[in-house]
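Me: I have just opened this one and would like to be walked through it slowly. Could you take my questions as they come?

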Amino acid sequence: MKRIIAIAALLGSLGVLIKFGTKHPELPVQESELVSTPHVVAVTADAERLRSEERIRHAYPDHPELVERVLERYGQNAITIERTDGLRGLQLLDRLDLEAVYLYEHASDDFRRLTTLVDDEAAADLLLNWREYFGLKRSDSTDRRVLITSIARLNAGQRRAAASFPSALPLILSDPSGVTQLIERWEHDPERLGQLMAVLMCLDLSEGSPDLKAAVRTIDIYGDLALDAFRLQGLDGFATVHRFGAILLVLRDAIPLDYTLIVLRVNEAYVVERLRSRSPEMFAAELRHVAALNLIPEVGGSPQGLRLIAEHGVDAERALRRVGPDAASVVYDYSSNTNDQARAVAAIAEHGAAALAMLTKYDDHEGFREILRRDGPGVIPPVASSDASPEFLADLKAKQERSTLENVAYAMTIFSGESGQQTIEMIRRDGLSRAESLGSTETSYYEFLPLYDLLHLGDVLRKGYSPTRGEYAWAVFDAGFIIADVLFLTTLQPQGVVASEIARSEVKSAAKGAIRGAGRIAREETAELASRVAVRRSALESTDATARAARWWVVRSAGGLFETLKKTPVALTRLDLREATEMARPFCARAGLRLSTWTPMRFLKQGELLIRRIPPGRGLKYLALEATQAGVGVVAIHKMEEHLSSTRPLPERSTAGF
């Protein structure tokens, strides 16, 4: 027993001796060694990073340039992304730059969804082009998720089209098959494709794709015709083809395209009404008839031009030829009654501008309407002759130095005081024949005979007519010469008689000729008289009416509506994008095409407000350039905002642009 205990103690002592014999003595730690410890850690981290980079290089030997590029630019971020998402993660990082890092850290689901696209080269290029936009949408997870999902749904052909024309991506997302087929059809002609895309980019996408799809169908059906119309008349021209393309196809080269576009656009309401009961072929025949009469400018200068010819035939053609497009406007403003309109057309056809002026001035005068219905166009000359006296009087009054004869005419005009209203009442009471004798523009030889005006006054009274102030005035004038003859005994000498009669004849001729010349001016002058009357009356009615009259007068001064619209191609080059869009908005809306508003866009990026707007002074050509460039500009971003606004949940639509 003791032997066993001794052996155990010996073995224990031997173990302790061995432990102490093999233990190294602890040395004091030097200060220099403490300072070098972080360096050892850094060396270890660098070594680990180098080993990871080398591993990545060996893992993807087929993509050496990609690997070197992302490792050099993104370092540890590239290693981290590769560790979880492999080569696709590196490819997405290469395309989206720091936006990929942001998505990886804050929106991993979106990052994973995008990595599925990078195997498609076109999709990868698309992400590269839209990289800036992803940066602008950092704070908008809803829009970003919708955009990523929409891109993922595109097929290979649609992605290739979007990669070739990055600015077209919003259009392709709104109508994938239609816009893609359109690009494939026209991509061989970049200039025409740019014009085409400019049209589509003007369409508002914020309410969905119906307008875009309708425009794409118009281009598919009418092709070059639609683009030529856009070149000639801008968005209004394209909308005209969209609405009346069937008529234009029938006409083809029978009428110049710009002429036809103007006529259809100006007479839009009538064309729409006519097509309800006529085929495009029948309506095209009406336009050919108008062209054969050389009346295209006349019917293209008034919204009622085509209607006037269709409803009033030959008289309407004569009226338009005499006074131009104002004939149609005045006739339909004069009355809604067909019989009254026919009388008005006949009056303009026979008496031209004088009838135009009187119809404009007295369109609400029941007495004038009555005598025109009863006596026809013949009432125009006497009314116009007497009505022009105020104009003639104003001209004489404005003269600084009047001759003796002009003084006589001025005094007699004031004294007679004849007016259009008085003439109208006289015709109502005494008949047209009475006014015709007074309103004659020719001075007969017997009017210069002694006592003519006195005898004429007696004849008027004998027939039961009421003398006018003018007849009284000329009778007094005649009596004055008789009295002068008696007082000065000029009749006692034959040569005195001759001199007296010559003086009497000259004064009468000059005075009556000057006064009645005002009537000739009214009948022979242009429609300027009617326009002045309209402007004066509008100024008294309302501010809106005055503004309309002022715009009408500006157009009239430029040669009329038709001539003004012919200059549209030149005007379009001087309009910026907002002005060109606003000018076309009303007609396009009636054609079923809603246009963009081009307001500034606001984005929030890292707490900073960023504003993107269309550069001032840029016009429709700017859209064409933006649509076909290799990158993504502000127009494309604007269209993407519109597209995404149509997909947002309703409560979030008020935050569009952020």
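Me: To start with a detail, why are Lys639 and Glu642 separated by about one helical turn?
Reply: Lys639 and Glu642 are three residues apart in helix H40 (residues 634-645), and that is why about one helical turn separates them. An α-helix has 3.6 residues a turn, so residues three or four places apart point the same way. Lys639 forms a salt bridge with Glu642, with 2.6 Å between the closest N and O atoms, where a salt bridge is a side-chain nitrogen of Lys or Arg within 4 Å of a carboxyl oxygen of Asp or Glu.

Me: Are those two buried or exposed?
Reply: Both Lys639 and Glu642 are buried, which here is under 20% relative accessible area, while exposed is over 50% and partly exposed lies in between, using a 1.4 Å probe and protein chains only.

Me: Before I go on, what should I know about the model itself?
Reply: It is a predicted model, in which local features need pLDDT of at least 70 and side-chain atom pairs count only at pLDDT 80 or more, whereas totals for chains, interfaces and linings use all residues. Residues are numbered from 1 along each chain as its sequence is written, and side-chain values use heavy atoms, with hydrogens and water left out.

Me: OK, and how many helices and strands does the protein have?
Reply: The protein has 40 helices and two strands; these are DSSP runs numbered from the N terminus, with helices (H or I) of at least four residues and strands (E) of at least two. Of its 658 residues, 47% count as buried. Among contacts between residues at least 6 apart in sequence, 67% join residues at least 24 apart, contact being heavy atoms within 4.5 Å.

Me: Back to salt bridges, how many are there in the whole structure?
Reply: A search of the whole structure finds 31 salt bridges. One of them joins the side chains of Asp204 and Arg594, at 3.4 Å from N to O. This pair links distant parts of the chain, 390 residues apart, with Asp204 in the loop between helix H14 (190-201) and helix H15 (210-222) and Arg594 in the loop between helix H38 (577-590) and strand S1 (601-605). Asp204 is buried, with a relative accessible area of 14%, whereas Arg594 is partly exposed at 29%.

Me: What about Arg373, which residue does it form a salt bridge with?
Reply: Arg373 forms a salt bridge with Glu366, and their closest N and O atoms are 3.5 Å apart. Arg373 is partly exposed, with a relative accessible area of 34%.

Me: Let's change topic: at what angle do H16 and H18 pack?
Reply: Helix H16 (residues 224-251) and helix H18 (residues 268-275) pack at about 65°, and their axes are 12 Å apart. The axes are lines fitted to C-alpha atoms, for helices over the stretch in contact, and angles run from 0 to 180 degrees between N-to-C directions. On the H16 side the contact is made by Arg243, Phe244 and Ile247, and on the H18 side by Glu268, Val271, Val272 and Leu275.

Me: And Asp236, where does that lie?
Reply: Asp236 lies in helix H16 and is buried, with a relative accessible area of 2%. Leaving out residues up to four places away in sequence, Asp236 touches Arg265, Met583, Ala584 and Phe587. The C-alpha atoms of Asp236 and Met583 are separated by 8.5 Å, although the two residues are 347 apart along the chain.

Me: Which residues of H6 are buried, and what covers them?
Reply: In helix H6 (residues 98-106), Glu99, Ala100, Val101, Leu103 and Tyr104 are buried. Their cover includes helix H5 (76-96), helix H7 (108-115), helix H9 (131-136), helix H10 (141-153) and S1.
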